[in-house]
Amino acid sequence: MPEKQLWRMNAHYALIQGLFWGGYATIWAFLTVLLLYRGFSNSQIGVVSFLALTLPIVVQPGLAALADRDGRFTSRRLGLALVCLAATAAGVMWAWGANRLLTAVLYVLIGVCLTATQPFFSSMAMEWQMAGADLNFGLGRGIGLQLLRKYPRFVLLLAACALLMACHSSSCTYMIHIVEKAGAGSGAMGAALALAAFLELPAMGLFSRMRQRLSLAWLLRLCAGAFLAKIVVFWLAESMTAIYLASVLQFFEYGIFTPATVYYVVEHIDRGNQVKGQALISVASSGVGSAFGSLCCGLILDRAGVSGMLLFEVACAAAGCVVMLLATGEGKRK
């Protein structure tokens with residue numbers, strides 16, 4: 001492929017990912033702040049988040065199977081349709097969001113669309129790479145019951161992803177309470193989230209170079225350790241300085257996690273099950289794990305406070321590290 005055309009493809013893919021995740025952060029990172037402002041309790045916020053993250057489990061596998069089976073329903077077309085639906089729901093919520101029931105329904109719809117979209121962007125990039133285009137996925141992104149039986153270590157990886165994302169997603173959802181524990185407010189929360197999100201980009205851009213020095217298994221172990229370290233610092237933090245230092249760990253945590261899990265599917269799952277594999281990763285992490293963490297942490301927060309919630313997240317992250325070590329042991333590649 002000509003260098004100019006390759007550069008243009010990488011630029012377009014980076015723009016797609018950048019706009020998508022910018023919108024995702026704007027809508028989702030301040031979910032708790034908005035819903036608290038509109039009169040929701042932490043438990044109710046947990047229920048909204050739980051529904052938004054679990055309903056894609058019903059939708060996503062069917063869409064993934066459709067993409068693998070029917071060439072008319074490409075990853076690009078399905079991803080575009082879901083993003084347009086999410087944008088429409090966000091517009092309606094902005095215009096008529098005073099009603100609490102309507103706000104809850106629309107947030108659930110947005111969550112379903114955004115969660116279901118992610119694997120299609122990943123699959124789109126991998127399709128280009130398999131066709132011979134040297135697409136820099138890391139920089140850009142800055143179901144079969146049979147499939148799980150065929151790849152038992154993949155099941156362990158899915159469990160590790162669910163446990164790690166249970167702590168990561170819930171800490172993002174209830175970040176306002178974490179910074180309030182440190183004596184700050186929503187402005188400091190936005191700064192901490194922005195710092196963490198900004199550091200994902202260099203991590204993803206450098207992922208290819210890191211792979212030249214460390215195996216994919218070691219990179220996954222490294223990001224699992226960073227998940228645990230970050231949440232432990234949140235648990236112990238008594239000032240915003242500690243919160244900001246913990247946010248820096250996002251470079252090694254989510255910044256590595258995203259491209260590493262995508263490439264794990266590419267290297268360990270056969271080509272005919274690529275979209276299903278990417279969908280399962282998304283369901284386990286952004287779906288089951290995030291929903292479980294948000295629901296449990298919302299309930300714990302109303303009963304045991306921020307420290308009790310963070311202690312639960314530490315336990316999830318520690319369990320995720322152990323399962324990740326088991327999942328990334330020596331195994332047969334495709």
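Contact here means heavy atoms within 4.5 Å. On that basis, Thr-173 is in contact with Leu-31, Thr-32, Ile-45 and Ser-294, leaving aside its neighbours within four places in sequence. The model is predicted. The secondary structure of the protein chain comes to 16 helices and 0 strands.

**Whole chain**
- The protein chain has 334 residues, and buried residues make up 54% of them.
- Its accessible surface comes to about 14,700 Å².
- Carbon and sulfur atoms account for 67% of that surface.

**Thr-173**
- Thr-173 lies in helix H9, which spans residues 152-173.
- The relative accessible area of Thr-173 is 5%. Buried means under 20%, so Thr-173 is buried.

**H9 with H15**
- Helix H15 covers residues 254-268 and packs with H9 at an angle of about 160 degrees.
- The axes of H9 and H15 are 12 Å apart.
- Angles over 145 degrees count as roughly antiparallel, and H9 and H15 are therefore roughly antiparallel to each other.
- The crossing of H9 and H15 is left-handed.
- On the H9 side, the contact is made by Arg-153, Phe-154, Leu-157, Cys-161, Met-165 and His-168. They meet Tyr-254, Phe-257, Thr-261, Tyr-264 and Val-265 in H15.
- By class, this contact of H9 with H15 has 8 nonpolar, 2 polar and 1 charged residues.

**H15 with H16**
- H15 also packs with helix H16, residues 274-327, at an angle of about 145 degrees.
- The axes of H15 and H16 are 5 Å apart.
- H15 contributes Phe-257, Thr-261, Val-262, Tyr-264, Val-265 and Val-266. H16 contributes Gln-274, Gly-277, Gln-278, Ile-281, Ser-285 and Ala-327.
- The contact of H15 with H16 has 7 nonpolar, 5 polar and no charged residues.
- Phe-257, Thr-261, Tyr-264 and Val-265 in H15 meet residues of H9 and also residues of H16.

**H11 with H14**
- Helix H11 (residues 186-205) and helix H14 (residues 240-248) pack at an angle of about 20 degrees.
- Their axes are 8 Å apart.
- Angles under 35 degrees count as roughly parallel, and H11 and H14 are therefore roughly parallel to each other.
- The crossing of H11 and H14 is right-handed.
- From H11 come Ala-188, Ala-191, Ala-192, Leu-195, Ala-196 and Leu-199. They meet Met-240, Ile-243, Tyr-244, Ser-247 and Val-248 in H14.
- The contact of H11 with H14 has 10 nonpolar, 1 polar and no charged residues.

Technical notes
Residues are numbered from 1 along each chain as its sequence is written. This is a predicted model: local features need pLDDT of at least 70, side-chain atom pairs count only at pLDDT 80 or more; totals for chains, interfaces and linings use all residues. Side-chain values use heavy atoms; hydrogens and water are left out. Axes are lines fitted to C-alpha atoms, for helices over the stretch in contact, and angles run from 0 to 180 degrees between N-to-C directions. Helices (H or I, at least four residues) and strands (E, at least two) are DSSP runs, numbered from the N terminus. Angles under 35 degrees count as roughly parallel, over 145 as roughly antiparallel, 65 to 115 as roughly perpendicular and the rest as oblique. A crossing is left-handed if the near helix is turned anticlockwise from the far one by less than a right angle, and right-handed if clockwise. Ala, Val, Leu, Ile, Met, Phe, Trp, Tyr, Cys and Pro count as nonpolar, Asp, Glu, Lys and Arg as charged, and the others, Gly among them, as polar. Buried means under 20% relative accessible area, exposed over 50%, partly exposed in between (1.4 Å probe, protein chains only). Accessible areas come from the Shrake-Rupley method with a 1.4 Å probe; for residues, only the protein chains shown count as cover.
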